[in-house]
Amino acid sequence: MLYQSTRGNSQPVSAAGAIKLGIAPDGGLFVPDRPVYVTAGELALMAGMTYQERAASILQLFLTDFTSGEIRECVQGAYDREKFDVPEIAPLQKLDEHLYVLELWHGPTCAFKDMALQILPRLLPRAVKKTGEDREIAILVATSGDTGKAALEGFRDVPGTHIIVFFPARGVSEVQRLQMITQEGRNVHVVAVEGNFDQTQSGVKAIFTDSAVNAAVDRRGYRFSSANSINWGRLVPQIVYYFSAYADLLAKGEIASGETVNFVVPTGNFGNILAAFYARQMGLPVKRLICAANRNNVLTDFIRTGTYDRTREFYRTISPSMDILISSNLERLLYEVTGGDAARVREWMGALQTAGRYQVDGETLEKIQAVFWSDFAGDPATMETIRNTYRQYGYLMDTHTAVGKYVYDRYVEATRDTSKTVIASTASPFKFNQSVATAILGEEAVRGKGEFELLETLSRATGLPIPKGLKDLDKKPVRHTLTVAPEEMKRVVQELLTGRN
Ligand SMILES: N[C@@H](CCOP(=O)(O)O)C(=O)O
């Protein structure tokens with residue numbers, strides 16, 4: 001299988017090539033050049049498999065230039081009990097007859113990003129070797145909170161790699177910020193950006209396609225890659241857990257073979273829900289994909305109207321990982337639903353760049369609406385949902401997952417669809433404990449308490465353990481203090497890589 005650019009102006013590459021490059025040289029995103037399918041029989045077999053076995057069988061379909069031995073090694077190294085605190089890796093919790101929560105945050109950094117960023121650092125060095133690359137890999141990451149820490153943890157001290165993570169200085173939770181600025185490792189850098197996530201992500205993308213910067217780092221023996229979901233190597237491992245959730249439903253007798261289910265995905269950069277879309281294309285029986293947005297509801301408007309318009313106010317919310325107005329992976333969806341029409345994708349992405357908006361045609365919109373449904377939750381609704389879900393089910397969810405639950409309730413109200421539905425739970429509630437503790441305990445109980453005191457408060461009140469990765473974070477030394485303006489990102493990357501900072 002080869003991978004081609006959504007913008008059609010780059011040479012197709014192997015899976016190893018796509019993983020190594022991260023983004024296509026023409027600024028597009030790599031997509032597989034042909035569909036792959038999983039049959040009902042294969043799906044039934046997955047019900048009896050471990051998470052690791054399920055992962056290996058899906059990865060094998062896409063990473064055709066990796067041997068099965070290599071894939072097995074990567075999978076075993078990534079999803080082991082040292083790193084994940086439950087044997088199921090991605091357990092499914094039942095809330096009621098229709099609703100399930102897929103917990104994707106049992107990895108070392110307590111967010112769903114670990115599901116891919118524990119394995120990408122194993123795939124990438126192999127991809128480098130396969131492509132005959134002799135330069136070291138400089139991984140640039142833009143984060144609104146979760147990807148950054150997961151990428152740092154995954155790539156720390158991985159030979160032949162360096163990682164620079166940029167995060168919006170005031171756009172992440174206090175726990176997320178401390179997770180990143182205390183990061184250990186000889187090959188890691190963390191830089192705060194005086195701007196929002198969109199400026200941070202645009203800054204990183206501009207570096208990838210800047211020939212002068214590329215030439216400068218090349219002279220120093222580096223080549224850039226990405227650990228964001230623009231990298232195909234991030235997306236395939238995310239496809240796995242949709243299959244795994246379905247296999248678990250089958251194994252537990254919750255659904256019959258072939259029964260369609262819905263997935264609700266709290267959405268920002270569109271990578272997670274796009275992975276669910278690919279799973280559906282591969283034959284996973286999925287009825288609707290419910291795209292849950294926060295007050296930055298650019299995707300909800302797009303799915304309802306076909307107009308993508310980022311020229312609107314950017315809000316900081318209590319679900320900061322989703323504070324995004326330019327959702328990178330939508331580009332891949334547009335490519336897929338237009339049957340690979342790179343010219344049209346180029347036109348839309350060009351309009352997004354220059355005018356900040358584009359409008360898709362009626363046929364494209366119809367295809368999107370046949371699969372996707374969307375609504376959004378503001379902060380008050382998110383808080384109320386955390387409180388009500390805890391009261392009704394005794395289940396504690398983080399702010400992003402609560403956006404998903406709120407939107408699911410709106411979906412059922414609007415459609416009366418009672419199909420079994422799985423909410424992708426994207427982060428541990430302890431990662432956003434200020435909001436979560438306030439929601440379930442009230443303002444009074446949290447007044448005057450710092451984030452870390454609240455970890456204890458939340459743990460005592462709910463009987464849930466504080467995740468290992470978050471304990472004692474406040475006692476770790478701060479190692480990264482650099483803050484830059486968005487326009488300084490190019491310079492800083494060069495300085496960090498050449499050791500002049
Ligand atoms: N929500 C993300 C933003 C980047 O998304 P990615 O999936 O493209 O890495 C974050 O937490 O950083």
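The model is a predicted one, in which local features need pLDDT of at least 70, side-chain atom pairs count only at pLDDT 80 or more, and totals for chains, interfaces and linings use all residues. Residues are numbered from 1 along each chain as its sequence is written.

Glu-153 counts as buried because it has 24 C-beta neighbours inside 10 Å; the term requires 20 or more other C-beta atoms within 10 Å, with C-beta atoms placed from the backbone.

I listed contacts, defined by C-beta atoms, placed from the backbone, within 7 Å. Leaving out residues up to four places away in sequence, Glu-153 touches Pro-108 and Thr-109. I also noted that 36 Å separates the C-alpha atoms of Glu-153 and Glu-444, which are 291 residues apart along the chain.

I recorded an open sheet of 6 strands in the order E3-E4-E14-E9-E10-E13, with mixed pairing; two strands pair if DSSP finds at least two bridges between them. Strand E3 (92–94) and strand E13 (372–376) stand at the edges with a single partner strand each, so one side of each lacks a neighbour in the sheet.

Strand E9 (residues 261–266) and strand E10 (residues 286–293) are joined in the parallel sense over 5 bridges. Val-261 stands opposite Val-286 in E10.

Technical notes:
Helices (H or I, at least four residues) and strands (E, at least two) are DSSP runs, numbered from the N terminus. A residue is buried if 20 or more other C-beta atoms lie within 10 Å of its own, exposed if 12 or fewer, and partly exposed in between; C-beta atoms are placed from the backbone. Two residues are in contact if their C-beta atoms, placed from the backbone, lie within 7 Å.
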